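Open the structure in your viewer and keep the sequence panel beside it. The tour goes stop by stop: select, look, move on.

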Amino acid sequence: MYDSVSGNILHNSGSGSLTYDGMPGESVGIAASASVPILLMRRGFIVYVR
Amino acid sequence: MKRVLSRMALRACALFAVAVVMAGAKLQAAVQPISLSYTNNMIVAAVSAGALDSTSKLWLVWDSVDRGSDFSAWSVENRIQYAGDIPSADSTYVFDRSRVPAGSVFRVIATKMARSLGEGGYVYAGANQYIDTGIKANTIYGLYIKFMYSANDWSGSNTYALLIANEGNQDFAVGRYAASGEPDGKFYVKHRNTTGTPNGYFDISGSGLGQVHEFAIANQTATLDGVTVVSELDAGAIGQKNLRVWLSNGYPDNTMTEPTGTIPERCCHARWYAVRFDDENGDPILNLVPAVWSGAGILFDTISGRCLANANAATGDLTWGGGELGDAIEGSDSTSAASDSAANEITVSIVPHWVEVGVPAGALTSPSELWMVWDSEDHGRRLEDWPVANRVKYDGEVSSAAATYRFEKGLLPFRCVFRIIATELFSLLSGDGYIYVGANQYINTGVNANAIYGLSIKFQYSANDWNQGSGGNAWSSLIGDDPTYDFTIGRKANGSDGQFYMRYRGVSVKSGTTADLAFTVDTSAPHVITIANQTLTLDGATAVATLEEGSIGTQAIPVLLGCSWAEHSTVPGTLSQRYCHAKWYSVRFDDADGNALLNLKPAVWKGE
């Protein structure tokens, strides 16, 4: 079951796999894995006027 | 006018910490494990009631190797404190798994704040109170105790009232003895003793009574206040039996195994000032200092970080005295087992002109997508939480094999936070699609009953299991947390009357009657049950319009689909094992404001 609030998939917590029936419809992507957040810093142009 | 153009580029990477916390359930008695479950996004710790109080904290800790249950052994940089409330009731606590680097081992550790007592401080073990050190006698080669004896409990005869021991008669013991009647003033010492005849004794009666004494065993010699009382002890550990050493008590006489049933309460009442055990190399394996924790006396082990309290739950807390409340001690209270953070994580490195992404084999399955996302702040692991304009999808095939992918670094603006997110595609089932929850199957929604104020479920019931559970007045739950004391919808008495019942906020439906709400649900078609505005409807028709105000349940226990926690239980973790099989079409839970807490739709993912 897909929780559209949290974006999580809820699985069977008991024995075996859950079965299903129905026509596959809308495709949704969930975060299977992700990198840690990374801060990218750059110093831009510095212009001096005399 | 002269213009000087200077261009400098500084690139740095820093790791950020984002802890997403969500409230949940309850804690267990001291030093009992916390159960863990985790998904790609979160780590959920379920703990049971009663062990934690307002001084308690809950931590997610991680490292490249397991550092055990001692909180202090984990690096300060590798800890996240749970930021929400820690109730004494059953609770679940959610941590953001993104803080745990790939391949790390993690635990959830509960701690409490203790205050050391300093010089002169002691903890008093009185009538029928004793302390389990958790250290086995056959691992202890030297010991030191500082104590003041005051009295002993006594029952029966021909046995010992023990000051410190693993087993009272034929291994290691220091205690009082009487063949009949009350013991004399001597404390007998047994060391690796299998004969029952003491190795020696010391006498602290008379002027010695009521004084602080120091007893030690080292180098095959026992001393009291520095004076030898028994010499030429056998070499080796103080005991031969694999039994834990207790303070102010010991295991039943001649016990060769862990005691069961009632422990003989022949306790030596004493003030405990210090206790130290050493291993074969003379290194301390236990170092107890008196402290105060939640208003009670405890002995804090500076080696393991454990807080040792009275092991006899029937006789209350240890008292304390002397000394001044000193340093705060963060004591480990309970801990989860170590868990392996699955290595299906993504690594990122920055090379000239590119953001290079390493994905280990098996981390992704087809179809998958790889995205680079960025913003001025971190939005976590979910793709949908990042602005649409700040996402770029990898323009190529993504496979399940180990691979390196590249994104153009020039896409990233100055001073941004970025992540690489892999998404796996699954399909929502359209129309009347459903997920079938059958025999011995259930889904843990992770939402506590006392957080839910409205719900809507569409389901088609087919059958129920009954024989696996136990207890009278039992339920097979279609949905619920605790069928006896809180919320459930399900069948009673094996469904013999063909009806479904509901319990709401406790023992009855609270609709002005004392009975559980009864209604008929046939198996031929789906049905919809809603609860909103104190009204329950079945297939659109009002069944009860006088529900009590408030959440559907009063307990902070996660609601399950297809089953419930054990009856009469306030501790999630034990299932009733009585299941309702059903096709599930949709499930929605709302909070007090009508906002969705959960909105489940049937979906297919990886063929399931």
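Which residues does B:Asn78 touch, not counting residues up to four places away in sequence? Select B:Asn78 and show its contacts: they are B:Leu60, B:Val61, B:Trp62 and B:Asp63. Keep in mind throughout that this is a predicted model.

**Stop 1: B:Asn78**

B:Asn78 sits in the loop between β4 (56-63) and β5 (79-81) of chain B. Its side chain reaches the backbone oxygen of B:Trp62, at 3.1 Å. Is B:Asn78 buried or exposed? B:Asn78 has a relative accessible area of 16%, so it is buried.

**Stop 2: B:Ala291**

Next, select B:Ala291, in strand β20 (residues 284-293) of chain B. Its relative accessible area is 0%, so B:Ala291 is buried. Show its contacts, leaving out residues up to four places away in sequence. Among them are B:Ala114, B:Arg115, B:Ser116 and B:Leu117. Others on the list include B:Phe300 and B:Ile329.

**Stop 3: aromatic pairs**

How many aromatic pairs are there over all chains? The count is 16. Start with B:Tyr188 and B:Tyr201, a tilted pair with centres 5.9 Å apart and 55° between the planes. B:Tyr188 lies in strand β13 (residues 186-190) and B:Tyr201 in strand β14 (residues 200-203), so the pair ties together parts of chain B that are 13 residues apart in sequence. B:Tyr188 is buried, at 14% relative accessible area. B:Tyr201 is partly exposed, at 40%.

Move on to B:Tyr394 and B:Phe407. Their ring centres are 5.9 Å apart and their planes meet at 70°, so this pair is edge-to-face. It links distant parts of the chain, 13 residues apart: B:Tyr394 is in the loop between β29 (391-393) and β30 (403-408) of chain B, and B:Phe407 is in strand β30. B:Tyr394 is partly exposed, with a relative accessible area of 23%. B:Phe407 counts as buried, at 4%.

Then select B:Tyr149, B:Phe187, B:Phe202 and B:Phe215 together: ring pairs link them into a cluster.

**Stop 4: charges over rings**

The charged end of B:Lys186 sits over the ring of B:Tyr201, 4.4 Å from its centre. For another such case, select B:Lys492 and B:Tyr501. Here the charged end of B:Lys492 sits over the ring of B:Tyr501, 4.9 Å from its centre.

**Stop 5: nonpolar cores**

Which residues touch the most other members of the largest nonpolar core? Select B:Met502 and B:Trp584: of the 41 residues in that core, these two do. Strand β42 (residues 580-590) of chain B gives the core its largest share, 5 residues. Another core, of 39 residues, lies apart from it; its members include B:Ile145, B:Phe172, B:Val189 and B:Val245.

**Stop 6**

Select B:Cys267, which is in no disulfide. A disulfide needs the sulfur atoms within 2.5 Å. B:Cys267 is buried, with a relative accessible area of 0%. B:Cys268 counts as buried too, at 0% relative accessibility.

How values were computed: Residues are numbered from 1 along each chain as its sequence is written. Chains are lettered from A and ligands numbered from 1 in the order in which they are written. This is a predicted model: local features need pLDDT of at least 70, side-chain atom pairs count only at pLDDT 80 or more; totals for chains, interfaces and linings use all residues. Side-chain values use heavy atoms; hydrogens and water are left out. Helices (H or I, at least four residues) and strands (E, at least two) are DSSP runs, numbered from the N terminus. Buried means under 20% relative accessible area, exposed over 50%, partly exposed in between (1.4 Å probe, protein chains only). A polar contact is a pair of N or O atoms within 3.5 Å; within protein, one must be able to donate a hydrogen and the other to accept it, and residues adjacent in sequence count only if both atoms are side-chain atoms. Contact means heavy atoms within 4.5 Å. Rings of Phe, Tyr and Trp (its six-membered ring) pair if their centres lie within 6.5 Å; planes under 30 degrees apart count as stacked, over 60 as edge-to-face and the rest as tilted. A charge sits over a ring if NZ of Lys or CZ of Arg is within 6 Å of the ring centre and within 35 degrees of the ring normal. A nonpolar core is a set of buried Ala, Val, Leu, Ile, Met, Phe, Trp, Tyr and Cys residues joined through side-chain atoms within 4.5 Å.
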